[in-house]
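Let's take a friendly walk through a protein fold, one piece at a time. Have a look at the structure below, and then we will start with its strands.

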Amino acid sequence: MRLATEAFVTNAERALQDATLQQALTRLVNNFVPRRLEAMAALGNAEELRTRAREIKAEAIAHLDVYLEQFAARLQQLGGQVHWADDAAEARQIIASLAAQYGVKRVVKGKSMATEEIDLNAFLEQQGYEVLETDLGEYIIQLAGETPSHIIAPAIHKTRQQIAALFHDKLGVPYTEHIPEMTQIARRTLRQHFLQADMGITGVNFAIAETGSIVLVTNEGNGRLSSTLPRLHVAVMGMEKIIPRLADLPVMLKVLTNSATGQKISSYVTLITGPRRATDLDGPEALHVVILDNGRTRLLHEETREALYCLRCGACLNVCPIYQNVGGHAYGWVYPGPIGAVLTPMLVGLDRAAHLPRASTLCGACREACPVKIDLPRLLLHLRHDLVQTRRVSPVERLLFALWAWLMQHPTLYGWALRAAAWLQTPFARQGWLRRLPPPFAGWTQFRDFRAVATRPFRQRWQETLRHEGASGGETRHG
Ligand code: SF4
């Protein structure tokens, strides 16, 4: 598993200095954020839909075992096969065994975060299979040998010029920055592969327990080609993708597409209900669905389970002031942004991703944007609490907070400490602001200013006000 979460601080600093990335992130924010806001406003009942979508996910996750079993039983009745993978290694092994069983040589893939999570491409390539990403963004980053930097826009960190140079170098085509021409180049290359592939691998946006169907939501149609042209279709789904009923799907689709891209509906919504039947004109001979746990059952605890409501729409990334500045690669794993800062420590362990829950201002923009109203700031605080409880914070920080807590319980000493702080800050305070503090506090003022400690504390001013009002015979206020 490629994991660089421990390097978050270094990665973030590098990202802040990267002018090209900063331009790309500005474009992302200027594009995605207003589109989502306009689309949600145009719905007229966005709040109602978000509440309903949350209720559907809450029901599905509260009865995950029942709905997964129902989905598996229904799909098997239809001729599909279901595999349960406890972790990434087991999922990779299942898929490689299927490839061997069906005599596969070439694999085409639709966009899938679950397969990124289990690092499937590298594994299959090591086994000698040719694997090709067919989503345009994923194809670009595969050519570049990189990982996605955004859940729904994997190559958002790349400029048009970088992609043009990449196509020229890797595909041997004449250099062009003309976007329709570049799209045609990718399309021509990919079409050949679709026709030659023996196995198509996709993710799953929703799995419907009632009907045993899987749902793919794409804008390029590559998911539909990957799932119907090769003779074997393998779909990899995180176990949280389940929804109870077909009737729930319109609600989930509405909140997903409007939140993700500001579209009323994606260009292609594909419902796959079993492999090809005798009367069908096309479709795969075999359909296998791999249901992935990989740490998700650990999240089922009441405190954390709402993280499993996530639809992977990416809206929380686009509005997050941290993501807006450092981009996706800084987070060091497949899930960036606020949901990544929550999911990654929960899935890979807090020890390996201790920086991520702190990578938030807790401004609440993510919660406001989330189509299923996941309380991401609460989850981040929950993880920070775990960090403190399990003593994964620096001894200096622990000491400072212990001292602060003790002072808060001793008001007189607290008042003296504030006066001492006001005196000590004199060399650094300018017009009520601290703009540069010395170590070990330097990090606090590296990118922002701090209000200076008031030279006359509030309690002193309050007492003076009361005395003044008493002397002038005014009304006494009660605060
Ligand atoms: S947490 Fe909410 S906003 Fe973020 S990706 Fe998941 S569903 Fe979308």
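Strand E7 (residues 232-238) and strand E10 (residues 286-292) run parallel and are joined by seven bridges. One of the pairs links Gly238 to its bridge partner in E10, Leu292. This is a predicted model, in which local features need pLDDT of at least 70 and side-chain atom pairs count only at pLDDT 80 or more, while totals for chains, interfaces and linings use all residues. Residues are numbered from 1 along each chain as its sequence is written.

Helices (H or I, at least four residues) and strands (E, at least two) are DSSP runs, numbered from the N terminus. Two strands pair if DSSP finds at least two bridges between them.

**The sheets**

In which order do the strands of the six-stranded open sheet lie? The order is E1-E10-E7-E4-E2-E3, and the pairing is parallel. Strand E1 (81-85) and strand E3 (130-133) are the edge strands, each pairing on one side only. From one strand to the next, the twist averages 20°. Angles here run from 0 to 180 degrees between N-to-C directions, and axes are lines fitted to C-alpha atoms, for helices over the stretch in contact.

Helix H5 (residues 88-101) packs on this sheet, where H5 touches E1, strand E4 (199-202), E7 and E10. The direction of H5 makes about 170° with that of E10. Contact means that the C-beta atoms of two residues, placed from the backbone, lie within 7 Å.

There is also an open sheet of three strands, in the order E11-E12-E13, with antiparallel pairing. Its edge strands, E11 (429-430) and E13 (450-451), each pair on one side only. Two bridges connect E11 with strand E12 (residues 433-434) in the antiparallel sense, and Trp433 in E12 is the bridge partner of Arg430.

**Helices that cross**

| Helix pair | Axes come within | Crossing angle |
|---|---|---|
| H3 (residues 46-62) and H12 (residues 249-260) | 9 Å | roughly 120° |
| H8 (residues 136-144) and H9 (residues 160-171) | 10 Å | roughly 60° |

The axes of H3 and H12 cross at roughly 120°, which makes H3 oblique to H12. Angles under 35 degrees count as roughly parallel, over 145 as roughly antiparallel, 65 to 115 as roughly perpendicular and the rest as oblique. The H3 side of the contact includes Leu49 and Ile56, and the H12 side includes Val251 and Met252. By class, this contact has six nonpolar, no polar and three charged residues. Ala, Val, Leu, Ile, Met, Phe, Trp, Tyr, Cys and Pro count as nonpolar, Asp, Glu, Lys and Arg as charged, and the others, Gly among them, as polar.

For H8 and H9, the axes cross at roughly 60°, and that makes H8 oblique to H9. Here Ile140, Leu143 and Ala144 of H8 meet Ile163, Leu166 and Lys170 of H9. Five nonpolar, no polar and one charged residues make up the contact.

**Around the ligand**

Which residues come nearest to the ligand? Of the 14 residues around the ligand, these are Cys310, Cys313, Cys316, Ile339 and Cys370. A residue is near a molecule if its C-beta atom, placed from the backbone, lies within 6 Å of it. The shell around the ligand has 12 nonpolar, one polar and one charged residues.
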